[in-house]
Amino acid sequence: MRFAAAFAAFLVLAACSKPTPPVGKWEGGYESGGTIVTARVEIVPGGQVKVSAPDVTYVTGSRARIDELRARLSAGLVNNWSEVAPRTFDFDGKTFRKPGGIAPQMVWDKASNQMTLMLFIGAKPALPIPLRPVADFHDNPFATG
């Protein structure tokens, strides 16, 4: 009887415990409607999150101009990554929010291990930026390999 009560208490505590954020790295690039974004996310053991997503908006011009901006954003992401400070987020097993916040900042799909960064630019609705899991970051987050 004591074992059953102890086991039931353990299950209740386990069910109430906070989910642990996934440990790993994700990156990606986004280009659409005059907006270009490069992004990285790294979650370390303990749940601290490093995230950076430099962007440019209202982009017009030739393909060469767009490619130049993509390269500049990618280089800035790489060169400034060491300066990104880790942050704490509330995590419910799927969605990351600022502590005490309501708006989703990132959404994790456990089945595919894909992370979606919810980017807020100005007063526009959140822009979902799909990120792919990577073993190591690339110089070009738009790369697919």
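This is a predicted model: local features need pLDDT of at least 70, side-chain atom pairs count only at pLDDT 80 or more; totals for chains, interfaces and linings use all residues.

Tutor: First, a cut-off. A residue is buried under 20% relative accessible area, exposed over 50%, and partly exposed in between. Pro128 has 41% relative accessibility, so Pro128 counts as partly exposed. Pro128 belongs to strand 9, residues 127-134.

Now its contacts. Setting aside neighbours within four places in sequence, Pro128 touches Tyr30, Thr116, Leu117 and Met118. Take Tyr30. In sequence, Pro128 and Tyr30 are 98 residues apart. In space, their C-alpha atoms are 9.3 Å apart.

Strand 3 (49-52), strand 7 (104-109) and strand 8 (114-119) each give at least two lining residues. Strand 8 gives the most, with three. By type, the lining has eight nonpolar residues, two polar and one charged.

Strand 1 covers residues 24-32, and Glu31 lies in it. Glu31 has a relative accessible area of 30%, so Glu31 is partly exposed. Its side chain meets that of Arg70 in a salt bridge, 2.8 Å from N to O. Arg70 sits in helix 2 (residues 63-80), so the pair ties together parts that are 39 residues apart in sequence. Arg70 is also partly exposed, because its relative accessibility is 22%.

Helix 2 holds another pair. Arg72 and Glu68 form a salt bridge at 2.6 Å, N to O. They are four residues apart, about one turn of the helix. Glu68 counts as partly exposed because its relative accessible area is 38%.

Elsewhere, Asp92 and Arg97 meet in a salt bridge at 3.6 Å, N to O. Asp92 is at 46% relative accessibility, so Asp92 is partly exposed. Arg97 is at 26%, so Arg97 is partly exposed. Shared partners join Glu31, Arg63, Asp67 and Arg70 into one salt-bridge network. The count of salt bridges comes to eight.

Last, a charged residue without a partner. Glu42 lies in strand 2, residues 35-43. Glu42 is buried and has no salt bridge. Lys25 is the nearest side chain of opposite charge, 4.3 Å away. Beyond four places in sequence, Glu42 touches Gly24, Lys25, Gln48, Val49, Lys50, Trp81 and Phe137.

Conventions:
Residues are numbered from 1 along each chain as its sequence is written. Side-chain values use heavy atoms; hydrogens and water are left out. Ala, Val, Leu, Ile, Met, Phe, Trp, Tyr, Cys and Pro count as nonpolar, Asp, Glu, Lys and Arg as charged, and the others, Gly among them, as polar. Buried means under 20% relative accessible area, exposed over 50%, partly exposed in between (1.4 Å probe, protein chains only). Lys and Arg count as positive and Asp and Glu as negative; His and the chain ends are not counted. A salt bridge is a side-chain nitrogen of Lys or Arg within 4 Å of a carboxyl oxygen of Asp or Glu. Contact means heavy atoms within 4.5 Å.
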